[in-house]
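The sequence and coordinates come first, and the notes follow by topic.

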Amino acid sequence: MAFINLKNKVIQVKIVYYGPGRGGKTTNLEYIHRRFHDRIHAEMVTVKTHGDRTLFFDFMPFDLGLIHGYQIKVQLYTVPGQPKYNATRKLVLRGVDGIVFVADSMAVCRESNVQSLRNLQENLAAYRKNLATLPWVLQYNKIDLAEQGIPVLSVDQLEQDLNRGFGRPAFPASALKGINVAATLKKIISLAVTSIREELM
Amino acid sequence: MSYTLDQRQLDRIEDILKADLVDNGVRCVFLIDMAGNIITHMDNGEKQHDIYSLAALAAGNFGAVSAMAKIIGENEFSLLFHKGKKENIHFNKISSEFLLITIFGNEISLGFLRMKVADSVEQLKGILEPLVPGTDG
């Protein structure tokens, strides 16, 4: 639910990083915070458990600059990935304008990726939204683990499991090393802003 | 779904918040939506807060408390207020999509604040309710 302020010419856009637990959602935001510190004027807000897992969400505001005379303020959120935190995941999705689904490429995570995507669809339905119409992209994280001999799913397999029927933009990535983190963010912001513009026209 | 407020509407909202709350000694007031977007904020110039983080946490906090209310069979908790040593924070729902948050010191009583907030909320409803049809969930 983007808010357009015509007085100050500001558009606020909400992007949520979704996906299974320990998949790299928080690591995406941490990388963005380091890489774009000139555009981020606040500390990243995290609500964590003692075990350093996301309990409620991570939050970071991101100034994109001017587009068609409007200042774009992007609010980046992550959700807690663990299955037991569904109530809070659902709350964070409220008013979402775009989603990055961060899948874990490790072969052992195949089922949890599929379950998390199904859970996303169920939670969106509560807000009368769905993946057919909402702007979203996929990120296949941890591809670099293959170099260490850890079995990872192929992009074809991940596409088959998660993107079949959707055909959304997908980015093989390493959030830890920063590979394709910025490209993922750029793509979802572009899709969300285009969607808002179309909605208003 | 997106929504827009124009200069006239935002000026009217700011006039209401200034007259009812800031001029009556509230340190900071901000109007947000349940997604955590800031519609407007005003303060008395004494302190600068990280308002974007505050808005995100406030929307999440209000959502969490509403979800707790539903679990124990309440529709919602009508009073949401956190008391600190010097600063206090008060949340008031305007409609299913909007929330008014005030930060105030100990020189204002909670009763007086609630009365002034209630006055503001009644006026704000007229501007905000037509904007976004409510979504439950």
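Over all chains, the count comes to 15 salt bridges, a salt bridge being a side-chain nitrogen of Lys or Arg within 4 Å of a carboxyl oxygen of Asp or Glu. This is a predicted model, in which local features need pLDDT of at least 70, side-chain atom pairs count only at pLDDT 80 or more, and totals for chains, interfaces and linings use all residues. Residues are numbered from 1 along each chain as its sequence is written, chains are lettered from A and ligands numbered from 1 in the order in which they are written, and side-chain values use heavy atoms, with hydrogens and water left out.

**Salt bridge between chains**
- B:D11 pairs with A:K7 in a salt bridge whose closest N and O atoms are 2.7 Å apart.
- The pair crosses between chains, with B:D11 in helix α1 (residues 7-20) of chain B and A:K7 in the loop between β1 (3-5) and β2 (10-18) of chain A; helices (H or I, at least four residues) and strands (E, at least two) are DSSP runs, numbered from the N terminus.
- B:D11 has a relative accessible area of 27% and is partly exposed; buried means under 20%, exposed over 50%, and partly exposed in between (1.4 Å probe, protein chains only).
- A:K7 is also partly exposed, at 24% relative accessibility.

**Salt bridges within chains**
- In chain A, the side chains of A:K177 and A:E147 form a salt bridge at 3.7 Å, N to O.
- A:K177 lies in the loop between β8 (170-172) and α5 (181-200) and A:E147 in the loop between β7 (136-141) and α4, so the pair ties together parts 30 residues apart in sequence.
- A:K177 is partly exposed at 47% relative accessibility, whereas A:E147 is exposed at 66%.
- In chain B, B:R27 and B:E87 form a salt bridge, with the closest N and O atoms 2.9 Å apart.
- B:R27 lies in the loop between α1 and β2 (28-33), and B:E87, 60 residues apart from it, lies in the loop between β4 and β5 (88-93).
- B:R27 counts as buried at 17% relative accessibility, while B:E87 is partly exposed at 23%.
- A network of salt bridges links B:R27, B:E46, B:K47, B:E87 and B:E107.

**Helix packing**
- In chain A, helices α3 (residues 110-125) and α4 (residues 155-163) pack at an angle of about 30°, with their axes 10 Å apart; axes are lines fitted to C-alpha atoms, for helices over the stretch in contact, and angles run from 0 to 180 degrees between N-to-C directions.
- α3(A) and α4(A) are therefore roughly parallel, a term for angles under 35 degrees.

Terms used:
Parallel < 35°, antiparallel > 145°, perpendicular 65-115°, else oblique.
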